[in-house]
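Reader: I'd like to go through the aromatic rings with you. Could you walk me through them slowly?

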Amino acid sequence: MTQSITTVDLTGDPRRRRKERRVRAIFLAAGLASIAISALIIVALSGEAWRFISQVDPAALFTVGWFPRRGLYDIPTLIIATVLIAGIGMLVAVPLGLGAAAYLSEYASPRARRRLKPTLEILAGIPSVVLGFWALTFISPEIVQRVFTSAKPFTMMAAGLGVGVLITPLIATVSEDAMRAVPTSLREASYGLGASRSTTVRSVVFPASLSGVVASLILALSRAMGETMIVFMAAGAVGGALRTFNPLEPGQTMTAAVASLATGSDQVAGEGLAFQSLFFVGLLLFLITLSLNSISNRLVRRYRNRY
Amino acid sequence: MSDRSPNDAVSGESALFDGAARAPEVDAARVTGGSPDNTHDVIISLEDVDVYYGDFHAVDSVSVPIREKEITAFIGPSGCGKSTVLRTINRMNDLIPTARVEGSVTYHGVDLYGGNVDPVQVRRHIGMVFQKPNPFPKSIYDNISFGPKIAKYDGNMDDLVEESLNRAALWDEVKDKLDDSAYALSGGQQQRLCIARAIATSPDVLLMDEPASALDPIATLRIEELMYELKQDYTIIIVTHNMQQAARVSDRTAFFNIDIQNGQRAGRLVEFSETATLFTTPSEKTTEDYITGRFG
Ligand SMILES: Nc1ncnc2c1ncn2[C@@H]1O[C@H](COP(=O)(O)OP(=O)(O)OP(=O)(O)O)[C@@H](O)[C@H]1O
Ligand SMILES: [Mg+2]
């Protein structure tokens, strides 16, 4: 038997090996291209951001509000609004999204799931400009202003609720996938020990899918912080905003600030400090999102190492 | 009968390693289980049980009485429905959307499929060890304490964990790493962990689906010893492909087979009797063929 195996037998088909190498090269190129693009963006952002920070009067970074055309660049205004709106969004989306995920994965009959899953995916596909419009014309007057009679038409609350609707399907679908990936044998082990459905979900399915669930939450948070259209339309304060912690006031997020600077009617494009502030804010947002992602990676890794 | 150690049965190695296929007949002297004294009451009764998966008729009209504090073995070729029948007893088939159970399964006279029976409660009385080891992705300790915790066990958890692991012949191997992940254990160790986890909840009845298929002969013996011990208090049903094991440990044996009638394949109960009788003087030809390895 062994004698009949020659070196040639083990070499394999050279054409297949060449093809293997070609495929490898293509994937390598794709990988390198995405790294190169990211690097280019960072370099461009950093350069302009540096020009801004080296020219601006440091006192102008901490004032009463964000009014770039008047030389007031209060960064906390933007950060507070961003965190407030993303926070309101998460407050809505986390329970709704996780609840929907747990329902679809653990409770729904196959028939119910067949109907609900596509509905959720449609919701996930709604363009954010539509949601922004809806936040402005429905959430604001019908919900926010009804509950809080003093609220203005443009509020961070309405924008936050709109963002919540936007990210709910994201959390639901990604978490549901993570929960469904938990092997049936683990559920059987739990039920076999006399656990109820809710105990099984809480003590077995949820912890076993934690890495995926956490990933979905961080993904949703960074989507919420990066969302532009809804906050641009529903939170008002396109020209600028005063620093406030009150969600019933208008507010301007980092994204909305960049968008309004880049699209404003009295264009600041070209040069000038106001325009460069756009890059600074963009870089800041980028760094926040980046650290969110690395936190999520670390969480996921720690969980994996443990088990 | 119940106080006899299984070691009597395996005084020689041959008893462990002789495959059924090599022995033309299972030696009557080696059948050590199987002469129950008939003093035990029927605790579980399956009557005319049919199980369907969608349109597929997996199990056809099975009737088996299970007696308290005995070990009942289910044997038969792969796919004949042993696991399916076993899972009707703790309502595990409820978890499979397509599965449908007909007929009656009673436990202490109560219809397990009756309207106000809660499957969660059923499974606290009737525990299960699965065919494939399925530890939770948690620590060894947390695996064992899972069941007692949800049953609101109020004794000393550390002692219970140690005792359960000891009974499943795993304590010595894991006592220094109770906080390690159960996934770091070998397949056989994982299966013993699952056995320890099942007995930690002290169920009334223990369903064991090929609990020893991943174990080496020594660990298998420990498990068989454990079953002997548990038999004092518990009722055990074991599915096994190991003829010697069935002969050694069980009091009664049910032989299932795949039956083809009108072009339909379905699992049927061929013969059910005291283990000694079934292995020495089976009344059906197919039973004899199967246990002597002349099957197929
Ligand atoms: N979830 C399921 N859905 C559909 N069919 C199933 C399912 N589980 C089992 N079956 C079918 O039911 C029949 C009996 O299966 P079962 O698992 O009870 O056999 P078994 O006797 O335990 O076999 P083995 O010795 O291989 O474990 C088989 O034909 C199997 O394909
Ligand atoms: Mg089976």
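**Aromatic rings**

Author: Let me begin with A:Phe275 and A:Phe279, which both lie in helix H12 of chain A, four residues apart, about one turn of the helix; helices here are DSSP runs of H or I with at least four residues, numbered from the N terminus. This is a predicted model, in which local features need pLDDT of at least 70, side-chain atom pairs count only at pLDDT 80 or more, and totals for chains, interfaces and linings use all residues. Residues are numbered from 1 along each chain as its sequence is written, chains are lettered from A and ligands numbered from 1 in the order in which they are written, and side-chain values use heavy atoms, with hydrogens and water left out.

Reader: Are A:Phe275 and A:Phe279 buried or exposed?

Author: Both A:Phe275 and A:Phe279 are buried, meaning under 20% relative accessible area with a 1.4 Å probe and protein chains only.

Reader: And how many aromatic pairs are there over all chains?

Author: The count is eight aromatic pairs over all chains, where rings of Phe, Tyr and Trp (its six-membered ring) pair if their centres lie within 6.5 Å, and planes under 30 degrees apart count as stacked, over 60 as edge-to-face and the rest as tilted. The pair of A:Phe52 and A:Phe280 is tilted, because the ring centres are 5.4 Å apart and the planes are at 35 degrees.

Reader: Which parts does that pair tie together?

Author: A:Phe52 lies in helix H2 (residues 14–55) of chain A and A:Phe280 in helix H12 (residues 273–306) of chain A, so the pair ties together parts that are 228 residues apart in sequence. A:Phe52 and A:Phe280 are buried, and together with A:Trp66 and A:Tyr73 they form one aromatic cluster.

Technical notes
Helix = DSSP H or I, 4+ residues; strand = E, 2+ residues; numbered from the N terminus. Buried < 20%, exposed > 50% of the residue type's maximum accessible area, 1.4 Å probe, protein only.
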